[in-house]
Amino acid sequence: MRSSILFASTLWAATALSHGNITSPPARQPGPVMQQVCGAAAVSAILADGTGPLENIQSNGAADCNIGLCKGAQFEDNQALVQAFAPGEQVPFTAELPIPHEGPCNVSIVDTATNTVIGQPLLVFDSYADENLAQLPPNNTAFSVTMPTNLGTSCQVPGECTMQWFWFGTAAQQTYENCVDFVMTA
Ligand SMILES: [Cu+2]
């Protein structure tokens with residue numbers, strides 16, 4: 001998004017511009033529980049453009065609503081999407097980046113109760129989605145992570161952990177997140 005239209009929050013603008021998101025594995029989507037927690041406007045913003053940045057999503061200000069964790073999407077709306085991964089398993093991701101914005105990106109496992117990263121990021125791009133390149137590197141839209149082998153008993157209960165793709169467009173000042181809910185198999 002150009003800075004000149006950063007202020008735009010109208011529906012047509014959000015619809016006309018798409019930026020990026022994870023398309024596989026399935027990422028958390030908005031739903032009725034998110035609407036209860038974060039309000040209808042936040043849900044509408046994601047439904048209007050699922051690839052838009054966090055900055056386009058208006059929270060209702062409730063203490064329980066954290067747009068900075070999975071765009072405010074709630075685990076309870078996504079229990080059917082929980083993936084099962086084994087320690088050491090390679091998990092392929094696909095992303096779409098219709099409007100790239102250069103900046104850092106990472107994939108990490110997040111403890112949802114505390115919104116803190118567990119261990120080291122599974123993947124780090126110092127420079128991702130560089131719109132100045134003639135063509136994005138193939139690993140920007142198809143990459144994989146290796147599930148850690150040292151999680152102990154963490155992440156075995158659905159909803160306890162989520163795998164978060166995080167990308168910040170530095171010049172655009174736009175933040176992107178998608179969460180893949182999963183359990184680690186023993
Ligand atoms: Cu954008």
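## Surroundings of Y128

Leaving aside neighbours within four places in sequence, Y128 touches A95, L97, H101, E102, G103, C105, N140, F143, W165 and W167. The model described here is predicted.

Y128 is also among the residues with the most contacts inside the largest nonpolar core, together with F93, F143, M147, M163, W165 and F182. That core has 26 residues. Strand 3 (90-96), strand 4, strand 5, strand 6 (142-146), strand 7 and strand 8 each give two or more residues to the core. Another core, of twelve residues, lies apart from this one and includes C38, I46, L54 and I57. In soluble globular proteins, nonpolar side chains tend to be buried together.

An open sheet is formed by five strands in the order 2-8-7-4-5, with mixed pairing. Strand 2 (83-85) and strand 5 (116-128) are the edge strands; each has a single partner strand, so one side of each has no neighbour in the sheet. From one strand to the next, the twist averages 30°.

Within the sheet, strand 4 (residues 103-111) pairs with strand 7 (residues 161-169) over seven bridges, in the antiparallel sense. N106 stands opposite F166 of strand 7.

## The copper site

Which residues coordinate the copper ion? The donors are H19 (ND1), H101 (NE2), Q174 (OE1) and Y176 (OH), at 1.8 to 2.4 Å. Along the chain the donors follow the spacing H-x81-H-x72-Q-x1-Y. H19 lies in the loop between helix 1 (11-16) and strand 1 (21-24), while Q174 belongs to strand 8 (residues 174-184), so this pair ties together parts that are 155 residues apart in sequence. H19 and Q174 are both buried.

The arrangement around the copper ion is irregular because the four donor atoms subtend angles of 62 to 139°. For comparison, ideal angles at a metal are 109.5 degrees for four tetrahedral donors.

## Backbone exceptions

Most residues other than glycine have a negative phi, and most peptide bonds are trans. The peptide bond from S24 to P25 is cis, with omega near -5°. P25 is located in the loop between strand 1 and helix 2 (32-38).

C70 is not a glycine, yet has a positive phi of about 60°. C70 sits in the loop between helix 3 (40-48) and strand 2, and counts as buried because its relative accessibility is 3%. A129, also a residue other than glycine, has a positive phi near 55°. A129 is in the loop between strand 5 and strand 6 and is buried, with a relative accessible area of 0%.

Terms used
Residues are numbered from 1 along each chain as its sequence is written. This is a predicted model: local features need pLDDT of at least 70, side-chain atom pairs count only at pLDDT 80 or more; totals for chains, interfaces and linings use all residues. Side-chain values use heavy atoms; hydrogens and water are left out. Two strands pair if DSSP finds at least two bridges between them. Helices (H or I, at least four residues) and strands (E, at least two) are DSSP runs, numbered from the N terminus. Axes are lines fitted to C-alpha atoms, for helices over the stretch in contact, and angles run from 0 to 180 degrees between N-to-C directions. Donors are N, O and S atoms within 2.8 Å of the metal (3.2 Å for Na, K and Ca); water is not among the atoms, so sites may look incomplete. Four donors count as tetrahedral if all angles lie between 85 and 135 degrees; four count as square planar and six as octahedral if opposite donors are over 155 degrees apart and all others between 65 and 115; anything else is irregular. Buried means under 20% relative accessible area, exposed over 50%, partly exposed in between (1.4 Å probe, protein chains only). A nonpolar core is a set of buried Ala, Val, Leu, Ile, Met, Phe, Trp, Tyr and Cys residues joined through side-chain atoms within 4.5 Å. Contact means heavy atoms within 4.5 Å.
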